[in-house]
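User: I'm new to this structure and would like a short tour. Could you show it to me first?

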Amino acid sequence: MFDNEKFKQLKEARRNWEEKDLNKSLSRSPERKEEFKTGSGDKVERLYTPEDINDLDFMDEIGFPGQYPYTRGYQPTMFRGRLWTMRMYAGFSTAEESNKRYKFLVDQGSTGLSVAFDLPTQIGYDSDHPLAEGEVGKVGVAIDSLADMEILFDGIDLEKVSTSMTINSPASVLLAMYIAVADKKGVSPEKLRGTIQNDILKEYIARGTYIYPTEESMRLITDIFEYCSKNVPQWNTISISGYHIREAGSTAAQEVGFTLADGIAYVEAAIKAGLDVDSFAPRLSFFFNAHNDLLEEVAKYRAARRLWAKIMKERFGAKKPQSMMLKFHTQTGGSTLTAQQPDNNIVRVAIQTLAAVLGGTQSLHTNSKDEALALPTEDSVRIALRTQQIVAHESGVTNTVDPLAGSYYVEAKTKEIEDKAMEYITKIDELGGAPRAIDAGYIQKEITDAAYKYQMDVEKGDVVVVGMNKFKVAEKAPQGLLKVDPMVGEMQKKKLVELKEKRDNEAVSEKLIALKKACEGTENLMPYIVEAVREYATLGEICDVMREVFGEYEQSVML
Amino acid sequence: MDKPIRVLVAKPGLDGHDRGAKMIARALRDAGMEVIYTGLRQTPEQIVAAAIQEDVDIIGMSILSGAHNHLFPKVIGLLKEQDAEDIMVIAGGVIPEDDIPALKEAGVAAIFTPGALTTEIVQFIRDNVKR
């Protein structure tokens with residue numbers, strides 16, 4: 001960045017400063033700690049200067065927003081043009097209850113929906129399955145068939161709203177239901193906008209709602225890529241997620257490295273299935289976490305954007321700029337919330353919101369203050385949404401694009417995270433790619449090691465968590481937490497019995513037999529799944545057909 | 001010398017949040033206990049069978065999905081049925097304060113909620129496991 005002469009002067013000036021001012025100051029009053037570290041445990045220097053970014057070529061590495069390598073954002077005007085989508089993840093109990101919450105959120109200024117499904121739905125069991133006992137409607141809404149989906153989106157204009165669905169193994173089934181609901185409302189698939197998470201690799205790594213073995217899961221995913229590129233062209237077919245990797249305890253650099261390694265595996269699988277990289281890559285999207293170390297997080301998003309652009313261009317030979325742009329959703333970090341003094345969580349979420357916005361996120365979910373204790377109440381969700389609105393309209397950080405660019409620290413940190421993430425990707429390449437690295441337990445072990453180190457640092461007090469290991473007070477048990485009606489399971493079971501009486505059972509079994517045949521062959525499964533859901537085949541029935549043909553994933557248990 | 005305390009760390013139900021369970025498992029191991037970790041999605045039947053087969057002194061379960069009121073008592077019921085009530089059960093996760101009295105009534109010896117230190121848990125086990 002500097003010519004040699006200027007650079008020499010700079011070094012000289014720094015030496016002077018260290019010898020005179022700094023040493024004097026240190027001898028008078030030493031620093032608070034011997035070593036300062038980021039939230040991820042990486043060393044932070046006392047001072048960053050142009051020296052730290054002198055190797056960085058502005059045009060190649062930083063550049064302009066909307067231009068390769070997109071360090072500064074994928075779009076030239078960013079939040080001056082349009083604010084991010086304020087998308088609150090919600091869902092619990094029955095479709096009726098969740099529908100009410102969605103309407104509340106839209107009323108309060110939420111600009112996109114985000115559906116949380118309960119665990120049986122996420123693992124492809126109907127509510128009457130023995131393993132669903134006690135779990136129905138708990139962490140999200142229970143969806144057993146198209147009938148539930150019709151209720152879930154009742155009165156919501158699917159042509160106007162964009163909908164994100166946190167669904168992975170059975171993503172094809174829920175997407176098919178969404179297409180079918182839209183069809184009944186007279187909205188054609190090419191008008192639908194939204195995202196399915198559809199990221200199985202991080203389920204194996206960190207989140208746990210897998211069903212099928214790796215290869216069959218990858219087939220389902222590439223089938224969706226292909227089907228959507230032809231039929232649902234505005235749909236984001238996958239949300240490659242670092243969020244859960246970070247929640248499981250990874251560092252920021254691991255979050256980027258492991259997530260992009262998963263991304264590489266999906267691109268490779270789709271190319272192997274015969275798809276042209278530019279036909280599906282523009283619809284890949286990402287999902288990252290936002291933790292408390294503001295500047296480290298900002299650097300993380302910038303590093304992820306730059307590294308993905310380089311990977312798509314150099315490794316996969318993508319031609320379309322859209323294929324190289326990393327677009328991402330952010331959620332504030334659930335694991336950073338404390339059950340102690342829960343009001344403090346509002347402040348944490350505000351810092352994390354700033355991180356996501358300064359990092360150029362496309363959409364954001366902000367957690368509510370009570371989420372270390374239960375699902376959030378309406379009141380606490382409103383504060384979380386207001387936090388985004390305050391950052392958007394009052395903080396001023398949206399007025400200029402990528403405002404932290406050029407900060408010696410943020411640029412140096414961006415480069416450091418990019419380099420570290422690339423080291424993880426290289427290591428994973430050596431192990432044969434992400435699916436193999438997961439089977440070998442490499443990624444899981446790296447994350448658990450980082451999580452354990454953090455836990456021990458918290459317990460030793462080296463890491464301060466306000467209200468939890470420092471600044472504690474005696475507290476009463478929090479009141480007014482959200483409770484899910486324990487009768488939800490029974491209500492869903494009753495609905496299933498009625499459904500099976502009402503629907504054309506012969507048509508259902510025909511469609512399921514056709515799906516089974518397709519599973520045994522190599523055809524794209526999406527059209528068969530769409531046909532089956534239209535006849536009100538249940539989620540469990542469809543997933544069972546695939547279980548029968550594909551088998552189930554065996555977790556490699558690692559400590 | 002006493003033989004080490006044996007612990008089964010288990011994830012009952014469909015919940016995939018295993019960070020807590022893994023942290024506890026490692027901390028107990030580092031504290032000199034013998035730890036068997038089940039991995040995800042264990043039914044109460046599987047947990048009780050593993051506990052008996054592995055001859056553990058204590059079962060530690062973690063649930064963050066809200067299914068605790070159903071699953072913890074079920075494990076304890078099965079232990080009773082199989083005359084294995086001497087195996088102590090402790091639990092952790094996102095367990096609302098209001099639910100704790102009933103779970104203790106059902107026989108859960110201790111419940112550790114977010115913010116609990118691994119050292120507290122180690123100490124509790126050392127103090128309470130009957131040998």
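User: Where is A:Pro69 found?
Analyst: A:Pro69 sits in the loop between helix H2 (58-62) and strand E3 (85-90) of chain A. Helices (H or I, at least four residues) and strands (E, at least two) are DSSP runs, numbered from the N terminus. This is a predicted model, in which local features need pLDDT of at least 70, side-chain atom pairs count only at pLDDT 80 or more, and totals for chains, interfaces and linings use all residues. Residues are numbered from 1 along each chain as its sequence is written, while chains are lettered from A and ligands numbered from 1 in the order in which they are written.

User: Is the peptide bond from A:Tyr68 to A:Pro69 cis or trans?
Analyst: That bond is cis, with omega near 0°. Most residues other than glycine have a negative phi, and most peptide bonds are trans.

User: What about phi of A:Tyr70, positive or negative?
Analyst: A:Tyr70 is not a glycine, yet its phi is positive, about 60°. The loop between H2 and E3 of chain A holds A:Tyr70.

User: Is A:Tyr70 buried or exposed?
Analyst: A:Tyr70 counts as buried because it has 25 C-beta neighbours inside 10 Å. The cut-offs: a residue is buried if 20 or more other C-beta atoms lie within 10 Å of its own, exposed if 12 or fewer, and partly exposed in between, with C-beta atoms placed from the backbone.

User: And A:Phe471, where does that lie?
Analyst: A:Phe471 lies in the loop between helix H18 (442-460) and helix H19 (488-502) of chain A. Its phi is positive too, near 55°. A:Phe471 is exposed, with 12 other C-beta atoms within 10 Å.

User: New topic. What is A:Thr214 in contact with, leaving aside its neighbours within four places in sequence?
Analyst: A:Thr214 is in contact with A:Pro435 and A:Tyr553; contact means C-beta atoms, placed from the backbone, within 7 Å. A:Thr214 and A:Tyr553 are 339 residues apart in sequence and 7.1 Å apart in space, C-alpha to C-alpha. A:Thr214 belongs to helix H8 (residues 214-231) of chain A.

User: How many residues does each chain bring to the contact between A and B?
Analyst: Chain A brings 32 residues and chain B 27 residues. On the side of chain A that touches chain B, H18(A) gives the most, with five residues.

User: Now chain B. Which residues of helix H2 (residues 44-53) are buried?
Analyst: In H2 of chain B, the buried ones are B:Pro44, B:Ile47, B:Val48 and B:Ala51. They cover an arc of only 95° around the axis, so they are on the same side of H2(B); the arc is that of the directions from the helix axis to the C-beta atoms. B:Glu45 and B:Gln53 are exposed on the other side of H2(B).

User: What covers those buried residues of H2(B)?
Analyst: The cover includes strand E1 (6-10), E3 and helix H3 (68-81) of chain B. Just after H2(B), B:Asp55 has a positive phi of about 55°.

User: What is the strand order in the sheet of chain B?
Analyst: Five strands make an open sheet in the order E2-E1-E3-E4-E5, with parallel pairing. Strands pair if DSSP finds at least two bridges between them. At the edges are strand E2 (34-37) and strand E5 (110-112) of chain B, each pairing on one side only.

User: How many bridges join E3 to E4 there?
Analyst: Six bridges join strand E3 (residues 58-63) to strand E4 (residues 88-93) of chain B. B:Gly60 stands opposite B:Ile90 in E4(B).

How values were computed:
Two residues are in contact if their C-beta atoms, placed from the backbone, lie within 7 Å.
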